[in-house]
Amino acid sequence: MRRELSVSTSGTYEVVEITRQVAAVVAESELDEGLCSVYVPHATAAIVINENADPNIGDDLLAALDKTIPEGIWRHDRIDGNGAAHIKAAILGPGEVIPVDHGQLVLGTWQAIMLVDLDGPRRRRIVVTVR
Amino acid sequence: MRRELSVSTSGTYEVVEITRQVAAVVAESELDEGLCSVYVPHATAAIVINENADPNIGDDLLAALDKTIPEGIWRHDRIDGNGAAHIKAAILGPGEVIPVDHGQLVLGTWQAIMLVDLDGPRRRRIVVTVR
Amino acid sequence: MRRELSVSTSGTYEVVEITRQVAAVVAESELDEGLCSVYVPHATAAIVINENADPNIGDDLLAALDKTIPEGIWRHDRIDGNGAAHIKAAILGPGEVIPVDHGQLVLGTWQAIMLVDLDGPRRRRIVVTVR
């Protein structure tokens, strides 16, 4: 089964948890055992799995990426001004695949599924596929 | 269905778009809805999804990786001279999983599938699996 | 089919090869062609695929990550002291998907599947799903 989610971000950089929405697709699919792919069809956003109980972790991730890949020094910046966002998105990757067992996402206690927008604010699509 | 692609690179570092070849495997599979795995069975190459309409982005990615993980300072360099290539490949990862819907890859407007060779020139195999 | 592996690490940072255990799950599944997901349900560990014939590569990866994302300077450190481990795990990612063909993992000659513990020593679970 395939469903599309939509998230509107409000800043240039933003980490938005989407665990609940992905879990709802898994529940709707009624799949007992398999895999759940979470995929963002954008070149300046990414899907990351980590802790969100402390939302500082998302800010720490964005700060680490900004320190390593600073803005404004890339070839693509002459065309579109968002070269750093593309590089960060390429490194983080557009998707993650999570196991499903007994009809539920196999996430650890401290794992949340998060959309990372690196060039917002925008409306971002997220494709969830359960197999 | 599983098919193997082959790409010959010509430089030490090279980003080669393979979207069309992967899409041809999806079309051949006649799968309507599911997942497409693109996987490179090499330890100094990676699969990345990002924009290729401006090929500068591939160069920017390679430059950012080189700045962060410079050559010639790693333990493995005493054995094989390509330590940086291994580290970069481990971080980017050997594969991506892309949703398939209505018989087509669900790629965003600015998303292309790319092989990143970090230790060429070589002939690189790419395994495409559609499920 | 789904199986859970368990690995006990002994240091703060540790790279542990798990190729043989994952291959055993694939053999047990008797799947001829498909995909194998390897997933760690933890927020300070990751799955990486690269060379382990020279174990220096794992040490090089840990050194590169430590240089890029040093310890002790993150917001989350005020809460739990392991901010760097979370950021590194988010960048490496919790899982990899490997093709299966003729009943075997399609790994390159120099590819090994490795658990990367970034905040050990701990007992780490690894979920292997074959589809």
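## Overall fold of chain A

From the N terminus on, the elements of chain A follow the order β-β-α-β-β-α-α-β-β-β-β. Chain A thus named has three helices and eight strands, helices being DSSP runs of H or I with at least four residues and strands runs of E with at least two, numbered from the N terminus.

The model is predicted: local features need pLDDT of at least 70 and side-chain atom pairs count only at pLDDT 80 or more, while totals for chains, interfaces and linings use all residues. Residues are numbered from 1 along each chain as its sequence is written, and chains are lettered from A and ligands numbered from 1 in the order in which they are written.

## Dimensions and burial

The C-alpha trace of chain A spans about 50 × 30 × 25 Å along its principal axes. Buried residues (20 or more other C-beta atoms, placed from the backbone, within 10 Å of their own) account for 59% of the 131 residues in chain A.

## Helix packing between chains

Helix H3 (residues 83–92) of chain A and helix H2 (residues 56–68) of chain B cross at roughly 70 degrees, and their axes, lines fitted to C-alpha atoms over the stretch in contact, come within 9 Å; angles run from 0 to 180 degrees between N-to-C directions. H3(A) is therefore roughly perpendicular to H2(B), a term covering angles of 65 to 115 degrees.

In H3(A), A:Gly83, A:His86, A:Ile87 and A:Ala90 meet B:Ile57, B:Asp60, B:Leu61 and B:Ala64 of H2(B), contact requiring C-beta atoms, placed from the backbone, within 7 Å.

Definitions and conventions:
Angles under 35 degrees count as roughly parallel, over 145 as roughly antiparallel, 65 to 115 as roughly perpendicular and the rest as oblique. Two residues are in contact if their C-beta atoms, placed from the backbone, lie within 7 Å. A residue is buried if 20 or more other C-beta atoms lie within 10 Å of its own, exposed if 12 or fewer, and partly exposed in between; C-beta atoms are placed from the backbone.
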